[in-house]
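Student: Hey, can we go through this protein together? I'd like to start with one of the loops.

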Amino acid sequence: MPMDCYAVMIYLAIILAGYVVVSIADSFVPREIEMRLRISKAKVIFTQDKIVRGGKVIALYSRVIDAHAPTAIVLPSNGKSVSVKLRSGDLAWNTFMSFADDLRRPDQYIAVKQPVYSYTNILFSSGTTGEPKAIPWTHATPLRCAGEAWAHLDIRQGDVISWPTNLGWMVGPLVLYSALLNGATIALYKGSPLGRGFGKFVQDAGVTILGTVPSIVKTWKKTGCMDSLDWSRVRHFATTGEASSLDDDLWLSGRNRYKPIFESCGGTELGSAFVGGCPLQPQAFAAFSTPSMSISFVILNDSGIPYPDDQPCIGELAIIPTMLGASTTLLNADHNAVYFKNMPLYNGMPLRRHGDLLERMVGGYYKAHGRADDTMNLGGIKTSAIEIEQVCNRAHERVLETAAISMPPPGGGPEQLIIISVLKDGPPINAESLKQAFASAIHSKLNPLFKVSSVAIVPDFPRTASNKIMRRSLRSQFGKAGSSSNSKL
């Protein structure tokens, strides 16, 4: 579902009743929905008949049917009646709600108490095997979300928070808990956040904290759609999901007398951020000013040895366990193997793997450099190279094998998807034709939000002794090529 007042109400009601929310983003194709339903063993799915967004009609209920979903409760997009014919056993929202009509007090409910480490929410983050990791949040996770929001975003009672997101991704429930547990109000916009309509909503709703994703800000800046709007109520901005561009941050801050932007970087399995900003410190555009209040971490060199805490450096982030609200189990993988196996010891404790490359700069600021493993961040969504490659390998008859990598643009900012391909013998083929085939396959079989930036054709891939593709070498090679256009390497 889109993140509207009904979605928030349903989310909270499921937890109130002692059940567990399964979060699935509304952008996924049926195959991805089916996989998440199977892994979580969901019993009921709440969805909408369709979404009208940016002038486009997106059918949601039909995807649910194609995903062989369990019983569906379908909300109408027009707020009146469902516009599609339902499967036998599925229920329209009004019918579902009518089941409470005969209760003595249909609008009063007693919360079902659960142990603190029982599950509240199952979310998904990309794995390196092609199947997403199913990550449970417990009743402790909301407390961490709220505490960090208080400390790092200065969320107060009476604030109005708007942050375009979805309950299918961790930012959705994080915003929900961060606002409501701190006494703030959530401003929910129905429609695309890319146009002037959203900016006017921010103005008219009196938003005091505006959360963003860097790619959204880039669109605002490029189109000029937010010009002349009054955002004077905005006390500060926040951003997460992707690497920010210094120029875009400067533009955003300038929308209201250069108010600060608090950057944040975390992970679904952490339940919140590991590094961010803080209102007690000077902020630098496109950088983080401090580790999270509830996390300690080190940065490892190529030999797995932590750099000194005061030394400027760049390396793989490793977290010092444990953390309130962070994952301790996975539904479909070995948690210890994923996060702790083969990690070095620090003060006698095994460090926790996270997979991000982090730079500590002069002055103690930090900058994110994407993933160290085969996971990438596209439009604020973590996905694995293997997921993309499995789709692209079948996208064109001439493709023998593909490797998916992501690279930031030369001026910094969100990662761009690059597909590198090895072809079967045959006549020459245009890289632009391959790009269109890959884009079409990813749009229909994985996620329409993933955009192919460029395609490269190579004779073969660099490999490890165990025959695994060395994507780090490809990223280095492609970076040295210095081109973001379709090419051969």
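This is a predicted model: local features need pLDDT of at least 70, side-chain atom pairs count only at pLDDT 80 or more; totals for chains, interfaces and linings use all residues.

Student: OK, what's the phi of asparagine 342 near?

Tutor: Near 65 degrees, which is a positive value in a residue other than glycine.

Student: Is asparagine 342 buried or exposed?

Tutor: Exposed, because its relative accessibility is 71% and the cut-off for exposed is over 50%.

Student: Which loop is serine 228 in?

Tutor: Serine 228 is in the loop between α8 and β12. Its phi is positive too, near 70 degrees, and serine is not glycine either. Serine 228 counts as exposed, at 69% relative accessibility.

Student: You mentioned α8. Which of its residues are buried?

Tutor: Helix α8 covers residues 214-223, and its buried residues are Pro214, Ile216, Val217 and Trp220. They cover an arc of only 155 degrees around the axis, so they are on the same side of α8.

Student: And what's exposed on the other side of α8?

Tutor: Lys222 and Thr223 are exposed there.

Student: Which residue follows α8?

Tutor: Glycine 224, with a positive phi near 70 degrees.

Student: What about α2, what comes just after that one?

Tutor: Lysine 41, and its phi is positive as well, about 60 degrees. As for α2 itself, the helix runs over residues 30-40, and its buried residues are Glu32, Ile33, Met35, Arg36, Leu37, Ile39 and Ser40.

Student: Let's jump to the start of the chain. Where is proline 2?

Tutor: In the segment before α1 (5-16).

Student: Buried or exposed, that proline 2?

Tutor: Proline 2 is buried: its relative accessible area is 15%, and buried means under 20%.

Student: So which residues does proline 2 touch?

Tutor: Leaving out residues up to four places away in sequence, proline 2 touches Ala7, Asp26, Gln48, Ile51, Arg53, Leu60 and Asn166.

Student: How many Å apart are proline 2 and leucine 331 in space?

Tutor: Their C-alpha atoms are 25 Å apart, while in sequence the two are 329 residues apart.

Student: Now zoom out. How many helices and strands are there?

Tutor: The protein has 13 helices and 27 strands. Its radius of gyration is 23 Å, close to the 23 Å from the globule rule for 489 residues, so the protein is as compact as a globular protein of that length. Along its principal axes, the C-alpha trace spans about 70 × 55 × 55 Å.

Student: What percentage of the residues count as buried?

Tutor: 51% of the 489 residues. As for contacts, take those between residues at least 6 apart in sequence: 65% of them join residues at least 24 apart.

Methods: Residues are numbered from 1 along each chain as its sequence is written. Side-chain values use heavy atoms; hydrogens and water are left out. Helices (H or I, at least four residues) and strands (E, at least two) are DSSP runs, numbered from the N terminus. Buried means under 20% relative accessible area, exposed over 50%, partly exposed in between (1.4 Å probe, protein chains only). Contact means heavy atoms within 4.5 Å. The arc is that of the directions from the helix axis to the C-beta atoms. The radius of gyration is taken over C-alpha atoms; the globule rule is 2.2 Å times the number of residues to the power 0.38.
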